[in-house]
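Subject: The structure, and what turned up in it

Hello,

Here is the structure we talked about. Please open it and keep it in view while you read my notes.

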Amino acid sequence: MEQTRRDFIKGASIVAAGAAALAGMTSLSGCSTQELADTGTTEAKHTCDVVIAGAGIGGLAAAVSAAEQGANVILVEASQAVGGTSRFAAGAFGPRFGAAWEEAYAKAPMSDPELGKLVCDNWAPYLEWIGGLGLATEELAPGSPYVWMGGKRPAEEGSKSYTDEYLQQFGEIFTAKGGTTLLGTRAVDLIVDEAGTVTGLVAEDAEGPFTIAAKAVILATGGWQCDKEMCTHYIGRHADLGQAQCVPYLDGAGIKMAVKAGAQLSRSFGSFYGHPQPWPTTYLNGIDTPEGYEALTNIDDAHVLYYGTTEHSIQGMGVYVNVSGKRFVNEGLGSSLVNQEVMQQPMARAYLILDEGVRNLIRETPFCNAAVIGGDRIDAMIERGMTVVQADSLDELGAKIVAETADGVSFNARNMVETVNAYNEAAAAGTADQLEVPHLGTVPAMALTTAPFYAIPVVGGIMATFGGLKINTDTQVMGTNAQPIAGLYAVPGAAGGIMNGDYWCVMSGYSVLGRLSGEVACAYAQSTEA
Ligand SMILES: Cc1cc2nc3c(=O)[nH]c(=O)nc-3n(C[C@H](O)[C@H](O)[C@H](O)COP(=O)(O)OP(=O)(O)OC[C@H]3O[C@@H](n4cnc5c(N)ncnc54)[C@H](O)[C@@H]3O)c2cc1C
């Protein structure tokens with residue numbers, strides 16, 4: 001049965017009816033947490049119905065939907081700009097495997113079926129909603145559930161993303177609906193009363209900590225890929241050496257504060273979405289630090305460096321080896337799954353080996369993302385300062401990899417040459433699908449025999465983590481006692497478990513659940529009014 005927004009609100013009201021009995025305990029004066037005492041004040045600096053931490057694509061949708069329902073809403077954002085990581089995104093969003101949940105589930109069977117179905121069922125209404133708000137989208141293809149934010153540009157103009165314009169417009173709509181946005185402000189803790197109901201946030205800006213009293217709190221603080229310890233703990237022993245491909249604030253703050261308040265974690269902590277990132281990453285010029293990110297004047301620079309001209313644009317051509325010189329993955333799996341395997345290699349490192357034949361094919365095959373990137377992406381990488389090792393033979397390539405990318409990692413050049421030769425033989429014989437690590441997929445194995453040869457060193461990259469807070473279908477955060485925590489809601493990436501393994505609904509899922517959390521939290525807040 002299709003589950004609609006109306007069902008959501010109904011569900012929220014039922015929960016709220018029980019919680020309403022606690023309404024008298026939701027004022028700040030009822031709080032006795034150490035965190036509140038730490039702010040040095042018993043007076044809330046701000047009071048509102050709903051406070052939302054994090055102004056990414058999910059937080060913005062939550063903010064606008066809650067404000068639209070009549071709530072007095074405060075949105076706190078660590079950065080000096082709204083939009084979060086989606087500011088860098090290519091801009092295609094939608095349920096990747098189609099909006100019919102049964103079909104999508106067959107292709108993403110490790111997903112959370114209830115949350116996945118919610119996303120699919122509410123995708124068309126979401127598009128209708130943003131259309132009504134005046135936010136432009138364009139179908140990827142006639143009848144496709146995938147849409148572009150804004151438009152596309154021809155290849156000559158290079159890679160251009162329109163997501164930032166969309167997100168800034170979203171922020172303006174929130175303000176026009178009476179919402180308050182506090183930029184440069186971090187949520188640092190939850191305020192919880194004696195009954196365990198969440199009654200606000202402790203936040204911090206340049207002037208220090210302060211409190212925001214609220215009837216409901218929505219955590220939309222995103223994922224945790226900037227916390228290197230969490231990466232190693234949950235993803236892999238060398239995942240701290242991978243690249244966080246996001247705004248530099250995704251340290252799992254929302255997840256940590258909710259766990260402190262008794263929240264339960266979802267599954268899916270081991271998988272994530274991202275693409276291999278050319279290494280070393282000096283060309284990023286610090287955009288992965290708060291100082292560098294806040295100083296960015298052209299957001300497309302980040303889009304291009306994390307996505308547009310990187311390995312992803314090569315689309316599965318060539319051969320991947322690890323530092324042992326061995327193949328470890330079916331290159332035909334697709335960049336996001338290949339990337340997860342790269343992250344599991346020693347030093348989270350791999351080398352994409354190409355030859356001139358493959359490079360010519362790349363030149364002839366435009367890469368379609370927000371823009372169609374034509375021409376020579378390898379030249380574009382070199383121009384941007386990414387390392388591309390070049391040589392006239394495979395032996396020389398191996399020696400140069402060692403000489404030019406030596407950093408304490410011992411690359412096994414001899415194994416690499418043997419690996420590529422074996423791959424070439426199999427490609428020529430049409431038996432690459434029988435290799436120890438089979439090469440399968442839509443791009444056939446191509447022998448690498450034409451000089452010059454190339455090697456692009458990469459590390460695993462993380463754009464979105466999949467594990468987070470466990471939420472129910474009302475986006476309420478679940479406690480370790482298997483009951484929802486009253487007053488607390490979460491949106492992915494702070495919430496998790498929807499996707500597992502491969503991605504299928506990144507910005508679309510975050511948007512749909514963001515909108516729903518705004519509605520549900522607003523209904524709850526209104527129901528707690530005396
Ligand atoms: C280059 C690139 C291209 C991509 N292309 C696509 C695409 O085409 N389609 C697609 O669907 N997805 C795409 N993605 C993925 C997607 O845009 C992001 O991965 C996703 O938005 C991450 O969402 P998030 O919720 O984890 O974090 P965010 O979107 O970053 O949202 C979290 C927000 O919370 C803020 N925050 C964090 N901690 C705090 C705190 N304590 N207090 C206050 N604020 C806080 C952050 O600053 C941020 O604004 C792309 C990603 C990248 C990097």
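In which loop is Ala482 found? Ala482 is in the loop between strand S21 (476-478) and strand S22. Helices (H or I, at least four residues) and strands (E, at least two) are DSSP runs, numbered from the N terminus.

First, the ground rules. This is a predicted model, where local features need pLDDT of at least 70 and side-chain atom pairs count only at pLDDT 80 or more, while totals for chains, interfaces and linings use all residues. Residues are numbered from 1 along each chain as its sequence is written, and side-chain values use heavy atoms, with hydrogens and water left out.

Most residues other than glycine have a negative phi, and most peptide bonds are trans. Ala482 has a positive phi, near 70°, and is not a glycine. At 47% relative accessibility, Ala482 is partly exposed. The cut-offs are these: buried means under 20% relative accessible area, exposed means over 50%, and partly exposed is in between (1.4 Å probe, protein chains only).

Ser268 is not a glycine either, and its phi is positive at about 75°. Look for Ser268 in the loop between helix H9 (253-260) and strand S11 (272-273). Ser268 is buried, with a relative accessible area of 7%.

Now the peptide bonds. Ala451 and Pro452 are joined by a cis bond, with omega about -5°. Pro452 sits in the loop between helix H16 (413-429) and strand S18 (453-459). Pro492 to Gly493 is also a cis peptide bond, with omega near -5°. Gly493 belongs to the loop between strand S22 (484-490) and helix H17.

**Aromatic rings**

How many aromatic pairs does a search of the whole structure find? It finds 18. Rings of Phe, Tyr and Trp (its six-membered ring) pair if their centres lie within 6.5 Å; planes under 30 degrees apart count as stacked, over 60 as edge-to-face and the rest as tilted.

Take Trp123 and Tyr126. Their ring centres are 5.8 Å apart and their planes are at 10°, so this pair is stacked. Both residues lie in helix H6 (residues 123-133), three residues apart, about one turn of the helix. Both Trp123 and Tyr126 are buried.

Compare Tyr320 and Phe328. Here the centres are 6.2 Å apart and the planes are at 55°, so the pair is tilted. Tyr320 is buried at 2% relative accessible area. Phe328 is buried too, at 14%.

Trp123 and Tyr126 also belong to one aromatic cluster with Phe93, Trp129, Tyr166 and Phe170.

**Charges over rings**

A charge sits over a ring if NZ of Lys or CZ of Arg is within 6 Å of the ring centre and within 35 degrees of the ring normal. Arg96 lies over the face of Tyr503, at 4.0 Å from the ring centre. Arg349 lies over the face of Trp279, at 3.6 Å from the ring centre.

Arg349 is in strand S14 (residues 349-355). It is buried, at 2% relative accessibility. Contact means heavy atoms within 4.5 Å. Leaving aside neighbours within four places in sequence, Arg349 has contacts that include Trp279, Asn322, Thr405 and Asp407.

How do H6 and H17 lie relative to each other? The axes of H6 and helix H17 (residues 506-527) come within 10 Å and cross at roughly 75°. The two helices are therefore roughly perpendicular. Axes are lines fitted to C-alpha atoms, for helices over the stretch in contact, and angles run from 0 to 180 degrees between N-to-C directions. Angles under 35 degrees count as roughly parallel, over 145 as roughly antiparallel, 65 to 115 as roughly perpendicular and the rest as oblique.

On the H6 side, the contact uses Trp123, Pro125, Tyr126 and Trp129. On the H17 side are Ser508, Ser511, Val512 and Arg515. By class, that contact has five nonpolar, two polar and one charged residues. (Ala, Val, Leu, Ile, Met, Phe, Trp, Tyr, Cys and Pro count as nonpolar, Asp, Glu, Lys and Arg as charged, and the others, Gly among them, as polar.)

**One last spot**

Met110 is in the loop between helix H4 (101-107) and helix H5 (113-121). Met110 is partly exposed, at 47% relative accessible area.

Best wishes
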